[in-house]
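Visitor: I am new to this structure and would like a short tour. Could you show it to me?

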Amino acid sequence: MRRLTLLSALIAPLFMIAACGGSDTPAETSAEAAYTPTPITHINEDFSPDDDPVADLAEAMELAQAEGKYILMDVGGEWCSWCHLIDAYIETNQPTHEAFACAFVVLKVNYSDENENEEFLSAYPERQGYPHFFVLDAQGEFVASQGTGELEEGRGYNEEAMVGFANQYCESA
């Protein structure tokens, strides 16, 4: 009788799990599991030396006016590891992604040995390194210059600094 009671005590939980539809897949109950990011409007996805920044800026202005946003001119190159790091951070850090999606149409402008875009970039203040952000209003007028080094933390970026940077343009867009 003792063995039967012990066996029942061991087997009963297994039947309960099966009856309740237990599975190896955890239920999606967190907000993070259900998170679908707001798309960030990009004029170009990478820093191509073949892109025409004048034409790209005209396209960015149309979209920024239609969406009620600022233009974030992201100057860098495919050679730039920090450029790729900041892109990945913006895409994967939810608060940063949301703030950038709220505030900006993103325009990447190549700066590389193949094409420094010297004529186009000469209209803006000197860059402090790469990547470098210029904020333009929806009409393409210069608003601000932002060195991204100020947004870094260790070998990455600081969420509070990144969100704070973008939010000042989201709230006034």
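Predicted model: local features only at pLDDT ≥ 70, side-chain atom pairs only at ≥ 80, totals over all residues.

Visitor: Which residues form the negative surface patch?

Guide: The patch consists of Asp113, Glu114, Glu116, Glu118 and Glu119.

Visitor: Where does glutamate 114 lie?

Guide: Glutamate 114 is in the loop that runs between β3 (104–110) and α5 (118–121).

Visitor: Is glutamate 114 buried or exposed?

Guide: Glutamate 114 counts as exposed because its relative accessibility is 63%, and the cut-off for exposed is over 50%.

Visitor: And what about asparagine 117, buried or exposed?

Guide: Asparagine 117 also belongs to the loop between β3 and α5. It counts as buried, because its relative accessibility is 9% and buried means under 20%. Asparagine 117 has a positive phi of about 45°, although it is not a glycine. Most residues other than glycine have a negative phi.

Visitor: Changing topic, how many helices and strands does the protein chain have?

Guide: The chain has six helices and seven strands. Buried residues make up 39% of its 173 residues.

Visitor: How many residues has the largest nonpolar core?

Guide: That core has 27 residues, and those with the most contacts inside it include Leu72, Phe100 and Tyr169. Among the elements that each supply at least two residues are β2 (70–76) and α3 (81–92).

Visitor: Which element gives the most to this core?

Guide: That is α6, with six residues.

Visitor: Last one: which residues does the cis peptide bond join?

Guide: It joins tyrosine 130 and proline 131, with omega about 0°. Proline 131 is in the loop between α5 and β4.

Technical notes
Residues numbered from 1 in each chain as written. Heavy atoms only, no water. Patch = residues over 30% accessible without salt bridge, like charges linked within 9 Å, V, L, I, M, F, W, Y side chains within 5 Å. Areas by Shrake-Rupley, 256 points an atom, 1.4 Å probe, with all protein chains shown as cover. Salt bridge = Lys/Arg side-chain N within 4 Å of Asp/Glu carboxyl O. Lys, Arg positive; Asp, Glu negative; His and termini not counted. Charge placed at Lys NZ, Arg CZ, Asp CG, Glu CD. Helix = DSSP H or I, 4+ residues; strand = E, 2+ residues; numbered from the N terminus. Buried < 20%, exposed > 50% of the residue type's maximum accessible area, 1.4 Å probe, protein only. Core = buried A, V, L, I, M, F, W, Y, C linked by side-chain atoms within 4.5 Å.
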